[in-house]
Amino acid sequence: MMTAIQLRKVKQDDFYFFKSLLRNEELMLMGWGKVYTDREVKGWIKKIQQQYLDYGYSYYIVENQSSELIGIGGIIRTKIQGTEFDELAYIIKQEFQGNGYGTIVAEELVQRAFKNNHLPQVVAQIVPENIASRKVLEKLGMTFQFGYLRNQNGMICEHLVYLLKNTISS
């Protein structure tokens, strides 16, 4: 199913939507290892807005063709084993999963990263149990690079790192 999405910058008044995502155990425990407090949710929003200024990109609110807020997605600066990377990351609310949104969001974000921000590559990291996201990454052409043990909010979890190089001519 081909579905249209819109990506828009995060604003302060997106707090309650962010809270609905970041306090959702089912969404957060697998990838992030915790749910977030109100203070931490506010911190996320502040950090995202600072990243727009510092890098020109970060997380965005994802809206579907009906203007429903279905998740967040972005390219974020991260360190993996001491090396800086630009990472593809997204969270789709459960009621919208299984409809191809993950793939559509990931494709759009990667295209923006390569065409607009001229990034040489993007990575994604997932826990091995996240089969749906692994399929999305492979559909994008990302290839497995390595696995490592990550301290994710006090829990040591295996993560798989996938990479996609920019082959778009600038």
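A: In this predicted model, the side chain of E87 makes a polar contact with the side chain of Q125, at 3.3 Å. E87 is found in strand β4, which covers residues 83-92. With a relative accessible area of 8%, E87 is buried, because buried means under 20%. Leaving out residues up to four places away in sequence, E87 touches G74, I75, I76, T78, V123, A124 and Q125. E87 and L163 are 76 residues apart in sequence, yet their C-alpha atoms are 9.0 Å apart in space.

Strand β5 comes next. This strand spans residues 121-126, and five of its six residues are buried, so β5 is largely enclosed by the rest of the structure. β5 pairs with β7 in the antiparallel sense, over six bridges. In that pairing, Q121 stands opposite K165 in β7.

β7 (residues 155-165) is also joined to β6 (residues 143-152), by nine bridges, and these two strands run antiparallel. G147 stands opposite L160 in β7. β6 and β7 form a hairpin with two residues between them. N153, in the turn, has a positive phi of about 55°.

A second polar side-chain contact involves S133. This residue lies in helix α5, residues 131-139, and is buried, with a relative accessible area of 12%. The side chain of S133 makes a polar contact with the side chain of Y90, at 3.1 Å. Leaving aside neighbours within four places in sequence, S133 is in contact with Y90 and I126.

Helix α4 takes in residues 101-115. At 1.5 Å a residue, its 15 residues should span 21 Å, and the end C-alpha atoms are 21 Å apart, which agrees. The buried residues of α4 include Y101, I104, V105, L109, V110 and F114. An α-helix has 3.6 residues a turn, so residues three or four places apart point the same way. R112 has its charged end over the ring of Y60, 5.6 Å from the ring centre.

The aromatic residues complete the account. A search of the whole structure finds nine aromatic pairs. In one of these, the ring centres of F15 and Y16 are 5.0 Å apart and the planes are at 80°, so the pair is edge-to-face. F15 is buried, with a relative accessible area of 11%, whereas Y16 counts as exposed at 64% relative accessibility. Y36 and W44 also form an edge-to-face pair, 5.5 Å centre to centre with 70° between the planes. Y36 is buried, with a relative accessible area of 8%, and W44 counts as buried at 14% relative accessibility. F18, Y36, W44 and Y59 form one aromatic cluster. The charged end of K34 sits over the ring of Y36, 4.7 Å from the ring centre.

Conventions. Residues numbered from 1 in each chain as written. Heavy atoms only, no water. Helix = DSSP H or I, 4+ residues; strand = E, 2+ residues; numbered from the N terminus. Buried < 20%, exposed > 50% of the residue type's maximum accessible area, 1.4 Å probe, protein only. Polar contact = N/O pair within 3.5 Å; in protein donor to acceptor, adjacent residues only side chain to side chain. Contact = heavy atoms within 4.5 Å. Phe/Tyr/Trp six-rings, centres within 6.5 Å; stacked < 30°, edge-to-face > 60°. Lys NZ or Arg CZ within 6 Å of the ring centre and 35° of its normal. Expected span 1.5 Å × (residues − 1). Pairing = 2+ DSSP bridges.
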